[in-house]
Amino acid sequence: MGLEFRRRDYRAEEQAHLLRRTHADNHPLSSPSFSPLQVEESNCRKDDFSDPLRATDGTTEISADDIQNEHINSEPTVPRDSSAQLRARKEWTPFKKILMQRFPVSKSSSVSMGSNLLVKGTKGELDDQKMFEEEDVKVISQQECLSKLQELKDEINRSWSADDRVTSLRLSIKVARLLTETSVIQFYPTLFILATDIMDLLGDLVWNRIKRKAEFTEEGGYICSLPDNFKESDICFDAKETCNNWFSKIGSVRELLPRIYLELAILPCWRFLDNHHEDVLQRLVMMTRGIADPLASAYCRLYLVQCAQRLPEHDTGFLITCMNDIKLLLLRLTPAREAVDRDLSGTSEVLLTLIEPTIEYIVRCLFKDLRQMEINDMLLALGMAINPSILSENCSCVSIILHYVLKELPIGFICCNALEILHLVECAKDSSFLQSLNFKLLGHRLCERVPEVSKVLLVVDKIFQVLSCYDNLDAYLMVADAYLDIILESHLGTYLNVILDGIFERVRDEKIGENELVILQSIFSKIVAHFANIEHILALNHFLDILDMMRGSSRNVISTQILSMAARNSQIRDPTVIEVLLEIAQALYDGLDFSNMRKDDYQHPSHVIARFVYMVDHGTQLESHLRFLAQCRGAFSSISELQEILVHSSNNLAVRAMRDGNSCNFIKSCLAFNEVTIPAIPTNLRQLNLYLETAEVALLGGFISHTDGLIDAAVNCLQNVDSVNGTRSMEDLSLLVSLLCKLCCMLVMVPGNLEQGVTRIPKHILSLIESQSWILPRMKINVLSSVIYLSAALSQNQLPYHAVSGQVIGNYQLYFDVPSYHQELLSLSGVILQGLVNVVMQESSVAVRGKMALEACNCIASSFVMSDEALEACSKLMEIAKSCLSTGDKFLHSTLKVLYLKK
């Protein structure tokens with residue numbers, strides 16, 4: 001007895017396998033009628049467990065003012081004793097590194113120095129002024145100067161180790177004299193750092209010597225151990241005498257600048273002589289007024305402030321004096337803004353750039369550990385009173401000093417006095433620093449805590465008065481961007497339109513530079529992030545006009561953000577909005593260079609464009625939507641992800657048209673659109689998937705000719721599927737097998753071809769899996785089983801499922817009373833049956849091989865009558881399964897039971 005397909009009654013089988021239905025009193029998804037369980041409160045002690053998310057009695061309430069002033073009202077945790085030296089140097093080290101990086105040493109430039117300044121010391125007078133005045137001037141490179149300074153530092157160490165302290169001091173004086181040389185001003189910061197390192201070395205050596213004399217006698221006898229917070233009364237007479245001697249030696253140095261630097265180097269040693277150092281600091285501040293060179297004067301004050309930080313206690317009076325002295329110096333260097341066409345030029349600009357770090361450090365020390373109540377007094381002392389009446393009478397602040405004061409002021413203080421500080425910035429009219437930069441800094445500080453800004457409307461009004469004075473695009477954008485968050489969070493839409501109007505007027509008059517593009521990008525990003533509705537953004541004055549004037553990466557970033565925001569949540573239905581967004585998407589696409597960009601660089605913009613196209617919905621205007629898809633296909637041809645979305649969308653339109661009863665012509669247009677679009681997709685597997693999807697839609701509508709053409713195109717894709725470099729991912733292999741099984745399921749409903757035979761396409765499938773060695777045996781079994789199931793289904797007098805359209809006839813009708821029909825199906829199945837065992841044996845994994853054998857056996861048992869040929873194949877497969885699986889395997893026992901029932 002040969003092969004014979006089993007006769008199936010699908011309706012009876014369905015009824016037999018249905019679960020028994022019983023009446024239910026309640027719907028399983030309805031709300032339960034019983035009340036939820038109540039958890040009784042335990043009688044544990046109150047302090048057994050504390051829930052951090054539950055308010056309890058005694059919880060401390062913290063006011064907003066406490067949060068604002070927390071960091072300025074807190075006392076320093078480190079005791080103010082000799083450890084202050086370590087703390088000060090820890091803060092000084094990163095500042096020095098930044099200073100060296102900001103003003104690097106040039107290898108080609110030279111510097112002129114006295115010839116005797118860069119040679120080792122000789123015996124003689126400690127400070128020979130005549131020799132200094134008569135020495136020759138020698139020009140050396142900056143690198144040579146650095147090498148000489150390192151040699152001097154090593155020599156000072158060696159001399160001190162050899163108890164030759166006079167030589168160490170003499171060499172230190174020579175180093176200090178170098179700081180009088182400002183002919184090459186760009187080199188001065190580096191010279192200052194290296195020279196003060198040597199000064200610090202001398203100061204450490206002197207401090208350690210005096211401290212040792214205070215703790216031990218000359219013979220090495222122990223006196224005491226000085227605590228960190230020692231007082232002058234703890235110091236013995238010999239130590240004080242030695243300390244006085246060092247200050248006397250330094251006081252005998254005739255030149256002012258070296259004398260100041262040397263005394264500053266050993267400034268902490270005053271602790272051995274006096275518990276109060278205010279007079280010493282004030283005296284040194286007054287001495288710095290005798291330094292004529294502005295650069296040397298500013299850096300000397302910087303070193304003075306730094307050395308003062310090493311003292312355990314000091315007031316801020318000397319700091320205020322230092323700052324006011326520098327202010328007078330800057331007023332002489334920088335004329336009023338109205339007196340010059342440009343801000344600064346030439347040497348004055350370079351000089352101001354070099355002095356700027358000294359201002360930054362001193363202002364930082366001024367406001368360190370400052371209490372809230374002291375801030376007003378400090379500003380008044382600096383000539384920056386925020387009281388309007390005092391401000392109008394006595395405003396002598398300098399822009400660059402004000403800039404660093406704004407950086408250091410507590411944010412709570414700035415928010416509470418925003419309007420007054422704006423007036424202060426407006427009053428600073430010198431040319432030492434761009435006024436727009438101070439307005440910008442103030443705006444960024446205020447935006448740190450927008451809800452706490454007082455008098456918001458008055459602040460915004462004042463800013464718009466300032467903006468109206470700027471004809472320059474860069475300054476206008478800079479200030480507008482700084483205060484934009486305040487305007488957006490305060491919902492001042494009118495002001496936002498005024499800003500965009502101002503930008504548009506200035507953009508028309510001048511070309512947008514790179515810096516302006518960066519600021520415009522920041523402004524537009526804030527606007528897009530603030531609004532939740534794309535219509536509100538597009539309604540803003542000149543928003544699209546300004547966007548059109550932008551270019552490059554800045555425009556691409558904004559376009560990406562707009563498209564992403566528009567397609568984030570809901571579908572886009574407004575035709576005007578769709579048209580505008582399509583133009584933005586086209587501009588973004590045109591701005592991407594796909595040939596020279598990495599895939600990661602254009603992947604996100606491409607995804608955003610594809611997402612926008614997917615979210616567009618023209619509602620009942622299906623023809624308009626199809627035209628939109630066709631327009632997108634031509635506009636974004638290089639985005640493969642988008643091409644797939646176009647096919648999905650077109651199929652969706654076709655299905656909607658069928659449900660709405662639209663004309664067949666529109667559905668055919670959708671199918672034709674897909675037939676043209678799919679070949680442009682680069683991946684064969686994706687093409688195969690889309691061809692099958694479109695074929696399903698065509699079959700749903702009863703368009704048999706389109707269905708046949710799409711299935712033929714899918715078969716051609718199968719013939720072109722091949723491995724890439726001999727390898728394919730498991731995801732690709734699984735997708736291919738899934739698509740082949742899907743094709744077999746679809747062929748049940750598709751009418752065959754009387755001339756080519758019903759098995760034409762199944763034979764193509766078998767040819768593919770036999771010719772491709774990279775298809776794994778376990779995957780081949782799935783495909784072969786699908787072909788057998790297809791043949792068995794087609795052999796029935798009634799198909800298990802039908803096409804929805806009544807225009808599609810089944811193969812059992814098309815091939816009715818055709819003798820060769822059943823024979824062709826049996827012949828194909830017989831060929832597969834003969835190869836099943838060989839495919840199973842190709843699997844290397846024993847356990848997988850056993851499962852594969854059982855799956856193939858179940859396929860045969862459910863598809864064929866148990867003839868001799870079928871029984872022989874099942875017997876071989878069961879022998880394989882028994883040899884590979886344990887005797888207790890459930891799948892094995894269930895398969896044996898099925899075979900027994902089928903016999």
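These legends go with a set of close-up views of one predicted model.

Residues are numbered from 1 along each chain as its sequence is written. Because the model is predicted, local features need pLDDT of at least 70 and side-chain atom pairs count only at pLDDT 80 or more, while totals for chains, interfaces and linings use all residues, and side-chain values use heavy atoms, with hydrogens and water left out.

View 1. Helices (H or I, at least four residues) and strands (E, at least two) are DSSP runs, numbered from the N terminus. Of the 903 residues, 49% are buried; buried means under 20% relative accessible area, exposed means over 50%, and partly exposed is in between (1.4 Å probe, protein chains only). Take the contacts (heavy atoms within 4.5 Å) between residues at least 6 apart in sequence: 76% of them join residues at least 24 apart.

**View 2. Phe192 and Tyr261 have the most contacts inside the largest nonpolar core.** A nonpolar core is a set of buried Ala, Val, Leu, Ile, Met, Phe, Trp, Tyr and Cys residues joined through side-chain atoms within 4.5 Å. Leaving out residues up to four places away in sequence, Phe192 touches Trp92, Leu99, Leu179, Tyr261, Tyr299, Leu302 and Tyr303. In soluble globular proteins, nonpolar side chains tend to be buried together.

**View 3. Tyr188 and Tyr299 make an edge-to-face pair.** Rings of Phe, Tyr and Trp (its six-membered ring) pair if their centres lie within 6.5 Å; planes under 30 degrees apart count as stacked, over 60 as edge-to-face and the rest as tilted. That rule gives 19 aromatic pairs. Here the ring centres are 5.5 Å apart and the planes sit at 70 degrees, so edge-to-face it is. Tyr188 is in helix 8 and Tyr299 in helix 12 (residues 294-308), 111 residues apart. Tyr188 is buried at 1% relative accessible area, and Tyr299 is buried at 0%. Both belong to one aromatic cluster, along with Trp92, Phe95, Phe192, Tyr261, Tyr303 and Tyr361.

**View 4. Trp207 and Phe230 form a tilted pair.** Their ring centres are 6.1 Å apart, with planes at 45 degrees. Trp207 lies in helix 8 and Phe230 in the loop between helix 8 and helix 9 (237-251), so the pair ties together parts 23 residues apart in sequence. Trp207 is buried, with a relative accessible area of 10%, and so is Phe230, at 5%. Phe230 also has the charged end of Arg271 over its ring, 4.2 Å from the centre. A charge sits over a ring if NZ of Lys or CZ of Arg is within 6 Å of the ring centre and within 35 degrees of the ring normal.

**View 5. Asp163 has a positive phi, in a residue other than glycine.** Its phi is near 60 degrees. Asp163 lies in the loop between helix 6 (142-161) and helix 7 (165-178), and it counts as exposed at 53% relative accessibility.

**View 6. Lys455 has a positive phi too.** Phi of Lys455 is near 55 degrees. Lys455 lies in the loop between helix 20 (435-446) and helix 21 (456-467), and is partly exposed, with a relative accessible area of 46%.
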